[in-house]
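Visitor: I have a model open and some questions about it. Can we go through it piece by piece?
Guide: Go ahead.

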Amino acid sequence: MSKRLTAYINFNRGRNGTASADSLLASEMREAQNVDLMVRGGYSQRKGCIKALVTPLGTTGISRLIKYPGMNLAIIDKKLVKWDGTVLLSTLSSNDVGVEYFTNQKLYIVDGTKYYVYDGTTIAEVTPATSADLTNVKNCKLLIQRGQRMFAMGDNTNNIYFSATGEPNNFTASQAIRALSTDLYNPVAAALYGDALIIFKRNSVYAWTGWDPTTDVEFHPLRVHDGTQSPRSVCAAEDYLLYLGDDAIVALVSTEKDVISTMKVSTGVTDIIETLTNRDKAVGVYYRGCYYLACCDDGSGINNLVLKGYVTMAFQGDETISLRSFPWTLYRGWSVADWFKDDNDDLYFASASTGMIYKAFQGDNDDGIPIVMQAKHRLNLDDSFRIKKLKSILLLARQYEGESCYVEVDISLGYYKVSKGVRIDESGFWDISDWDDNLFDFEDIVKKQIDLNGHKCDRLEITIRHDVIDEPVTIYGYGAVFKPKKPKGVKTNVTNI
């Protein structure tokens with residue numbers, strides 16, 4: 001048979017650590033660490049981060065980042081502080097607090113013992129309205145506004161408290177409902193979705209619809225795959241409300257009572273989700289078409305891993321599991337306690353181990369530390385039956401003008417392994433054949449060839465690794481040049497029955 005060339009230039013399904021190696025699609029990767037997918041099919045090494053503060057806010061990890069008009073705030077070591085280090089409140093009873101900015105332009109905080117209000121100048125305990133009782137609210141650790149009412153929960157009961165219209169300081173004993181279920185868990189999270197208030201428990205999810213509790217409010221459970229034990233993983237993203245369940249990232253897509261309201265959208269990282277620990281620390285954010293979930297997989301309680309789901313690149317999933325799924329990659333190297341988006345749509349994160357805040361997606365290193373990128377591909381070369389004689393592997397990559405790039409390429413052909421160092425940049429390499437608008441200019445795509453000398457295999461595995469500081473990497477695809485052999489099997493031990 002004559003030589004053939006099979007090209008692999010589309011990896012937009014992302015990581016798949018769940019399927020068997022022989023079941024992987026050509027557009028999937030076995031590993032995708034510190035990788036960002038490209039809409040057109042290739043991928044690049046993720047960008048790094050830089051310090052956003054001159055001086056850390058403290059020596060312990062930051063718990064929360066809070067946005068207030070005209071200033072940025074944080075919770076650290078049971079204190080409410082500005083990003084410049086100014087302490088606003090030093091008597092919080094917990095770092096686990098509920099925060100909500102109400103339409104009266106004031107910030108409200110509950111810490112499990114007290115209920116505070118901050119007006120941009122002064123912070124003090126909330127003064128109750130006439131005949132109001134704030135005792136139960138002070139015991140809560142979750143606040144959310146819907147319409148003109150403040151809702152409070154998280155006091156180790158099933159109760160959900162709601163204020164009078166437009167009065168976040170006016171709660172009474174009768175202004176409460178209970179999210180009853182057969183398990184013993186209490187509400188842990190709340191979010192707005194459409195015109196409903198969604199309440200999350202460990203194994204169940206509820207929807208509050210309507211506006212007047214005396215006339216049109218309806219509170220009912222939803223048919224869902226799972227609840228959550230990760231309150232801050234809940235995040236609105238496009239048409240979904242995403243959250244971390246027991247074995248998947250779950251997307252809420254409906255508040256109808258009589259239909260399944262959720263889909264599992266994380267089949268490519270199911271193996272990682274099953275190993276997660278300290279799930280109560282997980283925190284998610286939706287940023288520029290992607291859902292970022294910072295989580296922990298080593299039992300330390302510090303979020304050492306970020307799962308990145310490409311929401312706007314969703315594809316048809318396995319109907320036995322979910323009608324839709326997202327491509328996924330993962331980040332290592334960031335320790336994320338909380339996310340923060342500023343008015344310029346820049347993303348920041350708080351360190352879970354120090355008092356530093358970082359600006360994300362800046363430069364090609366993590367504050368002076370190299371980014372370790374690794375992508376692993378399993379290529380079946382048309383089928384898994386015929387033996388092929390591999391002639392060479394072609395690597396298609398981007399050359400950055402003024403930037404060098406060196407990657408390590410490991411190729412496994414059964415028991416035969418080849419490791420090559422490949423320098424992407426070509427000094428003085430110009431587009432001698434590409435004349436565009438009569439300009440003789442820099443060629444930004446480089447094709448590298450790795451000879452394999454006709455080694456035989458039925459499938460191969462390619463691993464790309466890069467760990468050099470301050471070097472960008474973009475991979476557009478691969479090509480495998482091979483010669484198929486006639487398929488043969490073993491005839492022994494085959495009998496008529």
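Visitor: Is R288 buried or exposed?
Guide: R288 is exposed, because its relative accessible area is 57%. Buried means under 20% relative accessible area, exposed over 50%, and partly exposed in between, with a 1.4 Å probe and protein chains only. This is a predicted model: local features need pLDDT of at least 70, side-chain atom pairs count only at pLDDT 80 or more, and totals for chains, interfaces and linings use all residues. Residues are numbered from 1 along each chain as its sequence is written, and side-chain values use heavy atoms, with hydrogens and water left out.

Visitor: Where does R288 lie?
Guide: In the loop between β28 (283-287) and β29 (290-295). Strands here are DSSP runs of E with at least two residues, helices are runs of H or I with at least four, and both are numbered from the N terminus.

Visitor: What is phi of R288?
Guide: Near 50°, a positive value in a residue other than glycine. Most residues other than glycine have a negative phi.

Visitor: And D367, what is its phi?
Guide: D367 is not a glycine either, and its phi is positive at about 50°. D367 sits in the loop between β36 (357-360) and β37. With 31% relative accessibility, D367 counts as partly exposed.

Visitor: Then the hairpin of β16 and β17. Which residue there takes a positive phi?
Guide: G147, with phi near 60°; the hairpin has two residues between the strands. β16 and strand β17 (residues 149-153) run antiparallel and are joined by five bridges. Two strands count as paired if DSSP finds at least two bridges between them. L142 stands opposite M153 in β17.

Visitor: How many residues of β16 are buried?
Guide: Five of the five residues of strand β16 (residues 142-146) are buried, so the strand is largely enclosed by the rest of the structure.

Visitor: Which residues are on which side?
Guide: L142, I144 and R146 are on one side and L143 and Q145 on the other, all buried, so both faces of β16 are covered. In a regular strand the side chains alternate between the two faces of the sheet.

Visitor: New topic: β42. How many of its residues are buried?
Guide: Six of the seven residues of strand β42 (residues 460-466) are buried, and the strand is mostly covered.

Visitor: What does β42 pair with?
Guide: Strand β37 (residues 373-379) is joined to β42 by seven bridges, and the two run antiparallel. There, H377 stands opposite I462 in β42. Strand β39 (residues 406-413) also pairs with β42 in the antiparallel sense, over five bridges. V409 stands opposite I464 in that pairing.

Visitor: Back towards the start of the chain. Where is I62?
Guide: I62 is in strand β8 (residues 62-68). At 3% relative accessibility, I62 counts as buried. Leaving aside neighbours within four places in sequence, I62 is in contact (heavy atoms within 4.5 Å) with residues including L57, I75, A337 and M356. I62 and D77 are 15 residues apart in sequence and 7.5 Å apart in space, C-alpha to C-alpha.

Visitor: What about L65?
Guide: L65 lies in strand β8 and is buried, with a relative accessible area of 7%. L65 and D470 are 405 residues apart along the chain, and their C-alpha atoms are separated by 29 Å.

Visitor: Which strands form the open sheet that includes β13, and in what order?
Guide: Four strands form the open sheet, in the order β12-β13-β14-β15, with antiparallel pairing. The edge strands are β12 (98-101) and β15 (123-125), each pairing on one side only. Strand β14 (residues 115-118) pairs with β15 over three bridges, and V117 stands opposite A124 in β15.

Visitor: Last one, the whole chain. How many helices and strands are there?
Guide: Two helices and 43 strands. Buried residues make up 52% of the 497 residues. The C-alpha trace spans about 90 × 70 × 45 Å along its principal axes. Among contacts between residues at least 6 apart in sequence, 59% join residues at least 24 apart.
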